[in-house]
Amino acid sequence: MTSIQINLFPEIEKTINHFNLQNISEERKTTLQPLIDFIQNKVNNQQEIRLNLICTHNSRRSHLSQVWSQTAAAYYDIKNVFCYSGGTEATALFPMAAQTLAKQGFQIKTIAEGNNPVYAIKYNENAHPIIGFSKTFDNEFNPQSEFAAILTCSSADQGCPFIAGAEKRIPITFEDPKAFDNTPQQAEKYEERSNQIGTEMFYVFSQIKK
């Protein structure tokens, strides 16, 4: 990893020190390239960069992708990056996804209880918190135009052939850790998936030339 531009919380630093960008396959790099191109074009034109990370239930992979994308942008000092997440339906941010991020060093505070809790997620003392809760991708909380729609699961990719307002539609799908819910491997598999997403999002932002 190159030198950072922002002080992340120490436990997050420990987590990303184990990210090995060299281990990303050429196939995955090809999958990630359209996102790199989208961000680079926005940087070149000094435009805001809006990423809406989308999965079916907006409960696991899309939240992990949103958090790691925003963190990677800060780490590599890529300005004016705003990351969101959404689903084809709203459920709730799954507790194990939040617990995994907390274990990896993020400070997470519940700011609203209920069936769909709202979380404030911080990677740095002074950075604006990432607001995490489940919502549809077209919820008014999310951008309505001038954004890239990143499909993080195959069912959302297949179920959303058209996303209104998106400048670009980019499938970057991940396996669902939900398959290991209520098994002894649950925590391990959620951490494994979070690490994969974090590694790939750090690779994406490492490729951006300012």
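**Aromatic rings and a parallel sheet**

Tyrosine 75 is buried in this predicted model, with a relative accessible area of 3%. Tyrosine 76 is buried as well, and for this residue the relative accessible area comes to 11%. Both values fall in the buried class because that class takes in residues under 20%.

A look at the aromatic side chains comes next. The structure holds 9 aromatic pairs. In one of them, the ring centres of tyrosine 75 and tyrosine 76 lie 4.8 Å apart and the ring planes meet at 70°, so this pair counts as edge-to-face. The angle decides the label here, because planes over 60 degrees apart are called edge-to-face. Ring pairs also link these two tyrosines with others into a cluster, made up of Phe19, Trp68, Tyr75, Tyr76, Phe106 and Phe202.

The charged end of arginine 60 is placed over the ring of phenylalanine 94, at 3.9 Å from the ring centre. Likewise, lysine 135 has its charged end over the ring of phenylalanine 133, and here the distance to the centre is 4.5 Å.

Strand E1 (residues 49-55) runs parallel to E2 and is joined to it by 7 bridges. Within this pair of strands, cysteine 55 stands opposite glycine 87 of E2.

Methods
Residues are numbered from 1 along each chain as its sequence is written. This is a predicted model: local features need pLDDT of at least 70, side-chain atom pairs count only at pLDDT 80 or more; totals for chains, interfaces and linings use all residues. Side-chain values use heavy atoms; hydrogens and water are left out. Rings of Phe, Tyr and Trp (its six-membered ring) pair if their centres lie within 6.5 Å; planes under 30 degrees apart count as stacked, over 60 as edge-to-face and the rest as tilted. Buried means under 20% relative accessible area, exposed over 50%, partly exposed in between (1.4 Å probe, protein chains only). A charge sits over a ring if NZ of Lys or CZ of Arg is within 6 Å of the ring centre and within 35 degrees of the ring normal. Two strands pair if DSSP finds at least two bridges between them. Helices (H or I, at least four residues) and strands (E, at least two) are DSSP runs, numbered from the N terminus.
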